[in-house]
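This report covers a predicted model. It takes up a ligand shell, a chain contact and the fold of one chain.

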Amino acid sequence: MSAVVESHDHHHGPAKGISRWLFTTNHKDIGTLYLWFSFAMFLIGGAMAMVIRAELFQPGMQIVEPEFYNQMLTLHGLIMVFGAVMPAFVGLANWLVPMMVGAPDMALPRMNNLSFWILPFAFGVMLSSLFMEGGAPNFGWTFYAPLSTTYAPPSVTFFIFSVHILGASSIMGAINVIVTIMNMRAPGMTLMKMPLFVWSWLITAYLLIAVMPVLAGAVTMMLMDIHFGTSFFNAAGGGDPVLFQHIFWFFGHPEVYIMILPAFGIASHIISTFSRKKLFGYTSMVWAMVSIAILSFVVWAHHMFTVGMPLAAELFFMWATMLIAVPTGVKVFNWVATMFRGSITYETPMLFAICFVVLFTIGGFSGLMLAITPADFQYHDTYFVVAHFHYVLVPGSVFSIMAAVYYWLPKWCGNMYDERLGRLHFWLSFIGVNVTFFPQHFIGLAGMPRRIPDYALQFADWNMISTAGAFLFGASQILFLFIVVKTVMGGKKATPEVWEGAQGLEWTVDSPPPYHTFSTPPLVK
Amino acid sequence: MSGYEKYYVPDQSKLPIYAAFSMFVLIMGAAGTINAVGTGDSISKYVLYFGLALMGGTLFFWFKQVVQEHLAGLDSTQLNQSFVYGMAWFIFSEVMFFAAFFGALFYVRTFSVPWLGGEGEKGLANMLWQDFSPTWPLLTTPDQGSMYNIPNKSMSFPGWDKMLLWLPLWNTIVLLSSSVTVHMAHINLKANKKKKFNIWLGITVALAIFFVGLQALEYYEAYAHYGLTLNSGIYGSTFFMLTGFHGFHVMLGGFMLAVMLTRSVFYNHFKPGHHEHFGFEAASWYWHFVDVVWVMLFLFVYIL
Ligand code: HEM
Ligand SMILES: [Cu+2]
């Protein structure tokens, strides 16, 4: 058998020109594609956020029409969730999972390329709806019926189908990751020896396969209600708009964990490396993630406390949500315990990782506040919720992605990034994020509603500050782009190990690693 | 791990990006066509057909290539195992797709319809349409507006006396037997009895076609005689979406089995060994899955 395989070994290096990227089956190429795509989406979605913040700089309507404001708000959310954060994590999984488990590539390389190339088409369709009659989707990233059915612009049909193929992309990507992890580990790498990033992605992939089809079901019911006369979300025919919210959040809450679990994995690697200590509590980290994943299926209605659910449901979802804080607390404890008495140095990845732990915890606490049903009656649909999820998503998920880029970029391209610029980027982002989102806690508690382009005068000061922070944060990401491009183009050569004492198979190969790593699996002891 | 085999990592391939492009054409065509219903636009329809053709073609060449690589002996046991896991997780994703629709059915039956009728903790909803009284199967709608087709009969169990004329019963018999026949085919394949394998598989495909025929007949009756349509309120919505997606999956599964039959009869592709017929095995798993979904439908849509 191996004779036949040998004859196929002529593709040692990448193909030349554009065809390398279009037709590739190489996990590193596909990882790179995912990461650049995600960054492009991050900038586009970010530009939309700037439109939103510019309008909110002062009370009154200054810059955009309310209709356009709604479209910006909706596309910003959809692009950041499905176009920036999720693809970035898939890109990291592509680059890292095969190297970390000692596999030659992803298990199903052609399907891997398909998963990626669906994304540009799907977002092309979604963005093109801006130019369609009636404008782009304007019903918020949660697209509640009947806003997204009875009152939706015609472009909703295009939106529905693009969500369908996005879902197909995520499911195929997740199947690929799961199969790689289950089937391609090097001999000797038992489950409990897997690096935590791999563990986090195993669980994430499981969540993806479980909930993306539910999202597909939700948009399919919308399509049928809009065009084919069904009554799923229409009480006049016996359905219920609240049914939409149940289905959406059955997808939506696991989805927020899809966006944070890989971040947990990343933080565990980086904190251990720069504390120069073994990670504290590996086993409990794994179990914490598993229990978070299981619990994430039974908390969805904490997004719906105010829709009028039966009392028993309000109580159940309150307690179940609070229960998630326990495994989350275990994780935070372990990260802190890892740093405790470590010989810590503060390179850029570590700065981002520490900041991740602290600010994510703030987001977790505001989540706990929101989980208290009677309190949520006050907080719901205010800027407090906006502050909460931006704390978990920006200095949570996004910072972890940036930490990962600084940490593994020298491995990927063989050059060290400029440490001074990296730290500058960190501090600008750190200040920008907090100036943007911390004041939103105050205006939210004071009652400023979300998703409205105008507001009462009393909120003016904090909104102005928030907008200033947002533009600072946005501008610093241009610096990030510059740093990454500069590193890829050249710089101090990186050693195979890159970071002193870094653990894991990926640090045993050259920087940059050969096009095909681990054609023969290494032995893990 | 003795006798380590190299994992087959395929060369560059144009198929994935073609597939992504076909999806793009397909959804542009589909969305355009649906949005254009009732207007004069005729172009989107052709975009849709073009997308379907592209997609079909790409998938054909893709599967062809995988089969050829298998025949050339490129795939190791480990790669085969990747396909096994991949198919299992794909079926799990399909289970979750149906779960969304079953969940919707459960929700309207247990919560929203009774609430609209004034029952239960949120019975206040009855103030919207005060003379609405809930039943299941719901043959009326809370709002009696003319946009709804009010059916005169549901698809549920008609009583023991009329049982033999009740199509879903026959559909159940047909589909359950087809699960048995596909299993018989598998047993014979493993015993290297090719002829019997082909016959059992052929019977399975025939039963699949028969099922789709009966289902079409049932839909015809619903639309033509009972007045039950997609426009009949939530009962019609859940009934047609659940049975419709199931029927669509039956067609898909039946098509897969038909492809396997063709591969076996004309190309003699399958061998009894454990890793020599996963194409067939995957299709048969899919078939069992479709069967289980039907049993759930039979229980929750037709009987209970
Ligand atoms: C300790 C953990 C957490 C708890 C207890 C929690 C709780 C909540 C609650 C109760 C809400 C609903 C608030 C309302 O609409 O009135 C909410 C909203 C939200 N949470 Fe969390 N959360 C937690 C962690 C996370 C994480 C890790 C993420 C994402 C990475 C996240 C993302 C979101 C988002 C996006 C929303 C807003 C959705 C929307 O309405 O647009 N949360 N959270
Ligand atoms: Cu949630």
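## Shell around ligand 1

By class, the shell around ligand 1 consists of 13 nonpolar, 11 polar and 1 charged residues. Among the 25 residues around the ligand, those that come nearest are Val256(A), Gly367(A), Leu370(A), His380(A) and Phe389(A). Four helices of chain A give two or more residues each to this shell: H11 (311-339), H12 (348-371), H13 (373-379) and H14 (383-413). H14(A) supplies the largest share, 7 residues.

## Contact between chains A and B

Chain A puts 64 residues into the contact, and chain B puts in 65 residues. On the side of chain A that touches chain B, the elements that give two or more residues are helix H1 (2-7), helix H5 (109-128), helix H6 (156-183), helix H7 (196-227) and helix H8 (241-258) of chain A. Of these, H6(A) gives the most, with 12 residues.

Sorted by class, the side of chain A that touches chain B has 40 nonpolar residues, 21 polar residues and 3 charged residues.

## Fold of chain B

Chain B is built with 7 helices and 0 strands. Its pattern along the sequence reads α-α-α-α-α-α-α. Taken along the principal axes, the box filled by the C-alpha atoms of chain B is roughly 75 × 50 × 40 Å.

Chain B has 304 residues, of which 36% count as buried. Among the contacts in chain B with a separation of 6 or more, 68% are between residues 24 or more positions apart.

Definitions and conventions
Residues numbered from 1 in each chain as written. Chains lettered and ligands numbered in written order. Predicted model: local features only at pLDDT ≥ 70, side-chain atom pairs only at ≥ 80, totals over all residues. Contact = placed C-beta atoms within 7 Å. Nonpolar A, V, L, I, M, F, W, Y, C, P; charged D, E, K, R; others polar. Buried ≥ 20, exposed ≤ 12 C-beta atoms within 10 Å, placed from the backbone. Near = placed C-beta within 6 Å.
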